[in-house]
Amino acid sequence: MTGDPTSLTPPPPAPPQPEREPGVGPGPGGPAPVSQGNVDRADLPTPPQTVTPTPPVAGEESPLDIGWTGVVPGARSAYEQAPSAPTCPACGQGHFLDGYCDHCGAKEPDPRDHIEESPATWVGGVSDIGRRHTRNEDAVALAAEPALGTRAVLVVCDGVSNTTDSHIASLAGARAARTVLDQPLATGVGTPEAIRAAAVRRLNEAVQAANAAVIATVTDRADPTPPSCTFTGAVVTGGTAVVGNVGDSRIYWLPDSGDGARQLSRDDSYAADRIASGVERKEAETGPMAHSITRWLGIDAPDDLTPHTTEVALDRAGWLMLCSDGLWNYCSEASDLQALLARLTGEGRAGTPTELARALVDFANNAGGADNITVALARVEQAAPTEGDGAHG
Amino acid sequence: MADFVAEAFQNEFLADGATDVHAIVRVTATGASGATAQSGPGGVEVIIVDTSGSMGVRGIEQGSLAATAALQEITDGTLFAVIAGNHLAWQVYPQSPVPGLAVMNPQNRAAAMHAVRGFRADGGTAMGQWLLAARQVFETAPPSLRRHAILLTDGANEHETPDQLTWAINSCVGVFQADCRGVGDRWQVDEVRRIASALLGTVDLIPRPEQMAQEFETLMRASMSRGVANAELRVWAPQGAQVLFVKQVSPTLEDLTTRRREVNPLTGGYPTGAWSDEDRDYHVAVRLPAKSVGQEQLAARVQLAIGDEVKAQALVKAKWSNDDALTARINPQVAQYTGQAELAAAIQDGLAAKAAGRDDEATSKLGRAVQLANEAGNDEMTSRLKKVVDIENPETGTVRLKKQVEKLDEMALDTASTKTTRVRK
């Protein structure tokens, strides 16, 4: 793993992937750590790289270490030591004096307001504050191996907006889940069934770890609205994705064309209950209490946090997408999302998964940006390599 | 050392498309009193007393007593002078053929008190001459010292043109501060206010000559307590914004907008004069290009600076919202000071119209003043207004001009109009 993705300290230049030598590092049957966490931060400068950060070891982070606690002190000093202060992105002329630009008065962007992750060329995600909210309570945490289609972990959590510090909770939860999902699966004999069962077990563990991390962010035990968030996670391995969710953030499988676009997750929401009872989707998703969720992570979570899990064969070119309701509020049906992706791709906005995620965030913002918007994408090509005899559906 | 704190009171939420941001910035000084903040000579004090013929024997006698009372308040080590004025001006103390100052000590105080007993009532009134004489005296002192004058007059400025007075006032701006007092009812409030306002001082009415000594003592004691010579209010506004106005709104109303000096292209400096341990409120209004709902930006940085050192800063913000509950609220400080400024303008315009014989306009303006004072629960102003108009209905502002008005009552209303009631947090 590389550095803390939201740290203001930039990641070191991506080192060439070292060739594995026999006897050094894990062998073919051993753990296969997944590289992750290169963060795209277009609005931050690149301070001089005088120190090469020592990558923390996976699994050594405590939930508190990875919780968002505002500006990281160490990172701030790196920021201040920068030879030239950063230029205001709004006017391109001023500098930030006291949280505001000294030329145009624009508010200094909080790094938490817009987070991008691009762990591999085929996996990327963006989490954005949107237009109406005062902070970004969504979170994204990704990990992927470099080779297309080999192995990736995607997590999106949406902090519940009327709870305390849910922006800290969602990020802590997402990262804790990623840490768990990022461990190699104990696939036993390696049959598709064994891989699927191992992934489902891992998703359950990830939910528990995320829940513990969210609870660890509680600062006031008597808080009537303790921090809480949703969970969506996906493990892509070989030609299969195993996914799970708690709450109303979603996972879609969106082939580039043809039938088969579908929502994989199952909302734990009042709206979903109404749809199940026969109400039209559109009516339910825009009606009263459409955004009330019936399950969430946190100290006041319901007892049963078993995620809804399912798997999908990634047997065609397309996108596996995780997103918060900040996106699907403006485009809910899988087929509509498929068409939206086709349009954005046609406009040349799918250069990388992160670029496409940014385009989807722009789409939601242009539609009103009423909520935080988070999108995580994994690209699937037709000739997905199979690893461990990946499932064929 | 003096410490300053600045805090902003405002509703930062703007409705979609709104552009104007209003804030009251309260600046509080501590450790600024003369005793603690001063080192070396405390400052320069010049006492200017009207010795025109209209002062008469009684007025001159009381003028001497007032000058004496002020001299007794000037602390040892302070540089000082006394100027007597009619249609000319001359330096009564220290007696010398060229402008100059004396250092206060027991001998010089006794000598100065002896000198002011020699005042004679004679000649006319040309306050511009007095100011120019005072300026020459002040300019013999180091510019870093706090410079303050007390000016006393009893009559209108009849022996020079308004332009001459204006020129004299302008030449003194930034050289010294002046608290101005008019005794009796034959002086012009607007004329003397013009001097006090430009020279960062106060204007007030002394109804009877016997009250002068007490007033001079109070004024000089207040001046002695000011340990910070010159502070500047600075207002930064973003590129593309327009500073609509900058007003001191407490303890008195003073529009500083036109006194801007450019600190840098985005920052204006406004003079505030000397400070004691006190707080003052400023109303700053900035017009911004509207941004979209959800956006936030800084509308102004309001700072208190001494020399080039910024001692305190308050931030004025703007956040666009489509939540009416947030955007419709008017900050209570902004609302009350806006109302008090409107009240002052209504009184002054009404009295000016009345003096010019435009009774309809006077009735309408003073009626509006009655209405505003009533809405604000400003009983003191209402009772002052009652001496000038008969109030039929305070809620609608229906009034009649009184047939018989004491000139002093009218002048008291005029001078009181710019004194504001402090709005607490």
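## A salt bridge in chain A

A:Arg135 is partly exposed in this predicted model, and its relative accessible area is 26%. Its side chain meets that of A:Glu137 in a salt bridge, with 2.8 Å from N to O. A:Glu137 itself counts as buried, at 4% relative accessibility.

Let's look at another pair in chain A. The side chains of A:Arg274 and A:Glu283 also form a salt bridge, at 3.8 Å from N to O. A:Glu283 is partly exposed, with a relative accessible area of 45%.

Over to chain B. Here B:Arg186 and B:Asp154 form a salt bridge, and their closest N and O atoms are 3.5 Å apart. Where do B:Arg186 and B:Asp154 lie? B:Arg186 sits in the loop between strand 9 and helix 6 of chain B, and B:Asp154 in the loop between strand 8 and helix 5, so the pair ties together parts that are 32 residues apart in sequence. B:Asp154 counts as buried, at 2% relative accessibility.

Salt bridges can also share partners: in chain A they join A:Arg250, A:Asp267, A:Arg281, A:Glu285 and A:Glu333 into one network. Over all chains, a search of the whole structure finds 44 salt bridges.

## A buried arginine without a partner

B:Arg147 belongs to strand 8 of chain B, which covers residues 147-153. This arginine is buried but has no salt bridge. How far away is the nearest side chain of opposite charge? That side chain belongs to B:Glu139, and the distance is 5.9 Å.

A polar atom of the B:Arg147 side chain does lie 3.2 Å from the backbone oxygen of B:Val175. Beyond its neighbours within four places in sequence, B:Arg147 has contacts that include B:Val44, B:Phe138, B:Pro142 and B:Phe176.

## A histidine and its surroundings

B:His22 lies in strand 3 of chain B and is partly exposed, with a relative accessible area of 28%. Its side chain makes a polar contact with the side chain of B:His283, at 2.9 Å. Leaving aside neighbours within four places in sequence, its contacts also include B:Gln10, B:Phe245 and B:Val334.

B:His22 and B:Asn331 are 309 residues apart in sequence, yet 8.8 Å separates their C-alpha atoms in space.

Helix 9 and helix 12 of chain B pack at an angle of about 145 degrees, and their axes are 9 Å apart. The crossing is left-handed. Which residues meet there? From helix 9 come B:Ile347, B:Gln348, B:Leu351 and B:Lys354, and from helix 12 come B:Glu410, B:Leu413 and B:Asp414.

Terms used: Residues numbered from 1 in each chain as written. Chains lettered and ligands numbered in written order. Predicted model: local features only at pLDDT ≥ 70, side-chain atom pairs only at ≥ 80, totals over all residues. Heavy atoms only, no water. Helix = DSSP H or I, 4+ residues; strand = E, 2+ residues; numbered from the N terminus. Buried < 20%, exposed > 50% of the residue type's maximum accessible area, 1.4 Å probe, protein only. Lys, Arg positive; Asp, Glu negative; His and termini not counted. Salt bridge = Lys/Arg side-chain N within 4 Å of Asp/Glu carboxyl O. Polar contact = N/O pair within 3.5 Å; in protein donor to acceptor, adjacent residues only side chain to side chain. Contact = heavy atoms within 4.5 Å. Axes fitted to C-alpha atoms, helices over the stretch in contact; angles between N-to-C directions. Left-handed = near helix turned anticlockwise from the far one by under 90°.
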